[in-house]
Amino acid sequence: MHASFPVDVDLALVGGGGAASLVLAALDRHDVTGLRVAVVDPVHKRGQDRTWAFWGLPGDDLDPLLSASWSQVDVVTPAGRRVLPLDPLRYAMLRSAPVYDRAAEAERRLDAVRVGAPAGELHDDGERVTVRDPDGRDLVRAGWVLDSRPRRPSRPGRTSWLQHFRGWWLAADRPTFDPQRAVLMDFRTPQPRRGVSFGYVLPVDDRFALVEYTEFGPELLDDAG
Ligand SMILES: Cc1cc2nc3c(=O)[nH]c(=O)nc-3n(C[C@H](O)[C@H](O)[C@H](O)COP(=O)(O)OP(=O)(O)OC[C@H]3O[C@@H](n4cnc5c(N)ncnc54)[C@H](O)[C@@H]3O)c2cc1C
């Protein structure tokens with residue numbers, strides 16, 4: 001925790017996860033200097049806690065951090081398999097560890113202040129935004145606040161399903177996977193009574209792949225489920 005509150009900065013990042021890490025990396029990449037930055041998060045994200053996979057055009061700033069990317073995907077159903085080219089897009093895998101490392105490096109260079117406490121309400125007086133803790137104490141005053149705390153949708157959708165997933169990193173003792181092709185998705189899994197399930201395979205080379213089972217449905221599944 002910083003010694004004297006409230007901390008006065010130009011930019012406060014409330015929530016220091018994936019979104020804030022990318023903002024920090026971008027500030028650093030654009031050689032921003034002299035900007036006073038604070039990151040407010042009770043958790044200091046480090047290491048490998050998740051793997052992001054996403055669509056995009058090749059050649060963006062995240063390219064050097066990617067674990068893998070695929071130019072083709074296999075869609076598999078009980079009726080057969082189709083191999084689909086993705087050009088000009090690609091599907092890519094980004095592990096959290098290099099993203100958090102990159103953000104930590106940016107924080108050091110920007111000399112950002114870490115506030116290791118949960119944020120509560122934000123108060124915007126039109127000039128400055130005050131970030132308070134859950135008991136109403138002022139933590140930070142900032143010109144700009146980017147708030148990336150997770151929040152529930154403001155109103156429920158007509159259909160609300162929960163996503164469950166479980167993944168394994170598989171290592172094969174001989175070439176088994178095609179690193180150019182991801183399996184996205186394989187619907188030959190047993191289908192739930194309500195919802196949908198599928199598997200996918202994301203190879204990072206010909207012997208090593210992330211294999212995941214995903215199930216969407218209205219009920220919360222336990223381990224046995
Ligand atoms: C295992 C896993 C795999 C995923 N895979 C994908 C994927 O492939 N593609 C995809 O798009 N998404 C994926 N997601 C969803 C993922 O949550 C988001 O993509 C991404 O992490 C969102 O970034 P974020 O910054 O919004 O949230 P987060 O990275 O979750 O960051 C939110 C931050 O807010 C902090 N916070 C919470 N409450 C407070 C508070 N009161 N005060 C201050 N800070 C607070 C948390 O500690 C956290 O650090 C995955 C999630 C998980 C768990």
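1. Let me start with the surface: the protein exposes about 13,900 Å², and carbon and sulfur atoms supply 52% of it. Accessible areas here come from the Shrake-Rupley method with a 1.4 Å probe, and for residues only the protein chains shown count as cover. Please keep in mind that this is a predicted model, in which local features need pLDDT of at least 70 and side-chain atom pairs count only at pLDDT 80 or more, while totals for chains, interfaces and linings use all residues. Residues are numbered from 1 along each chain as its sequence is written, and side-chain values use heavy atoms, with hydrogens and water left out.

2. On overall build, the C-alpha atoms fill a box of roughly 65 × 40 × 30 Å along the principal axes. You will find two helices and 15 strands; these are DSSP runs numbered from the N terminus, helices being H or I of at least four residues and strands E of at least two. Of the 225 residues, 34% count as buried, where buried means under 20% relative accessible area, exposed over 50%, and partly exposed in between (1.4 Å probe, protein chains only). Among contacts (heavy atoms within 4.5 Å) between residues at least 6 apart in sequence, 69% join residues at least 24 apart.

3. The domain assignment gives domain 1 as 7–49 + 95–147 and domain 2 as 53–93 + 154–217; such bounds come from an automatic or database assignment. Taken over C-alpha atoms, the two domain centres are 32 Å apart.

4. How many residues of domain 1 are in contact with domain 2? Six residues of domain 1 touch seven of domain 2. The area buried between the domains is about 540 Å², with carbon and sulfur atoms giving 63%; buried area is the accessible area (1.4 Å probe) that two parts lose on being put together, summed over both. R29, R95 and P98 supply 74% of what domain 1 buries against domain 2, more than any other three residues.

5. Between domain 1 and domain 2 the count is one salt bridge, meaning a side-chain nitrogen of Lys or Arg within 4 Å of a carboxyl oxygen of Asp or Glu. D61 and R29 form a salt bridge, with their closest N and O atoms 2.8 Å apart.

6. Across the protein, the count comes to 24 salt bridges. One of the linked sets is a network of D8, D10, R36 and R128. R132 pairs with D138 at 2.9 Å between the closest N and O atoms; R132 is partly exposed at 25%, and D138 is partly exposed at 25%. R137 meets D133 at 3.1 Å, N to O; here R137 is exposed at 52%, whereas D133 is buried at 10%.

7. D49 and R50 also form a salt bridge, their closest N and O atoms being 3.7 Å apart. D49 is partly exposed, at 39% relative accessible area, and R50 is partly exposed at 42%.

8. Lastly, do look at the nonpolar surface patch of W55, L57 and L89, which has about 320 Å² of accessible area together. Patches are made of residues with over 30% relative accessible area and no salt bridge, joining like charges within 9 Å and nonpolar side chains (Val, Leu, Ile, Met, Phe, Trp, Tyr) within 5 Å. L57 lies in the loop between β3 (51–56) and β4 (68–70) and is exposed, with a relative accessible area of 51%.
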